Amino acid sequence: EKAARTVRVVLIVAKNCSPCEAELARLRKPGGEFDVMRKLGWKIGDGPDNHVQIVDREAVPEVVAALGVQEFPAVASVEGSEVVRSFKSGCTTPLDAWTFGFLLKGKDERPKGAVLETARVASTGSYPLRGN
């Protein structure tokens with residue numbers, strides 16, 4: 001068995017979860033985010049030795065508890081079993097290679113002027129919506 005990476009990104013999915021299946025299909029499609037990331041040297045798979053570990057929520061209850069999430073897929077950067085950073089979809093930042101890079105390294109390397117996705121969170125109009 002390969003040694004677990006100290007810091008890795010976990011993509012937490014649940015059984016019978018159509019949003020999880022849709023997101024994985026999008027990330028895994030030919031020429032998609034995972035293809036791009038693998039070409040850059042990322043290891044992606046279900047073992048803890050990967051940069052991005054795809055894991056069922058039941059395998060990482062401590063991470064799920066620390067994140068306090070009810071909806072899946074959930075994405076977080078963990079160091080050991082501590083959650084270092086997490087990602088919430090719908091806050092204008094797409095789940096892509098740049099986001100995985102930020103989660104892993106804590107550094108935003110997204111090019112300036114990159115097109116972000118439209119915010120899908122409800123807004124009261126009272127406060128400006130800020131990105132990260």
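There is 1 aromatic pair in this structure. The partners are Phe34 and Phe100, with ring centres 5.9 Å apart and planes at 50°, so the pair counts as tilted. Keep in mind that this is a predicted model.

**The aromatic pair**
- Phe34 belongs to helix H2 (residues 33–39) and Phe100 to helix H4 (residues 97–105), so to speak a link between distant parts of the chain, 66 residues apart.
- Why tilted? The planes sit at 50°, and the label covers whatever falls between stacked, under 30 degrees, and edge-to-face, over 60.
- Phe34 has 1% relative accessibility, so it goes down as buried.
- Phe100 is buried too, with a relative accessible area of 0%.

**Strand E1 and its neighbours**
- On one pairing, E1 runs antiparallel to strand E4 (residues 74–79), and 6 bridges join the two.
- On another, E1 runs parallel to strand E3 (residues 52–56), this time through 5 bridges.
- Val10 is a handy residue for tracing both pairings: its bridge partner in E4 is Ala76, while its bridge partner in E3 is Gln53.

- If you're checking omega values, look at the peptide bond that joins Phe72 and Pro73: it is cis, with omega at about 5°.
- Pro73 sits in the loop between helix H3 (61–67) and E4, and E4 is the strand that pairs antiparallel with E1.
- Asn16 isn't a glycine, yet it has a positive phi of about 50°.
- You'll find Asn16 in the loop that runs between E1 and helix H1 (18–28).
- Is Asn16 buried or exposed? With 80% relative accessibility, Asn16 counts as exposed, since the cut-off for that label is over 50%.

**A charge over a ring**
- Arg85 puts its charged end over the ring of Phe102, 5.9 Å from the ring centre.
- That distance of 5.9 Å passes the cut-off used here, which asks for CZ of Arg within 6 Å of the ring centre.

Key: Residues numbered from 1 in each chain as written. Predicted model: local features only at pLDDT ≥ 70, side-chain atom pairs only at ≥ 80, totals over all residues. Heavy atoms only, no water. Pairing = 2+ DSSP bridges. Helix = DSSP H or I, 4+ residues; strand = E, 2+ residues; numbered from the N terminus. Buried < 20%, exposed > 50% of the residue type's maximum accessible area, 1.4 Å probe, protein only. Phe/Tyr/Trp six-rings, centres within 6.5 Å; stacked < 30°, edge-to-face > 60°. Lys NZ or Arg CZ within 6 Å of the ring centre and 35° of its normal.
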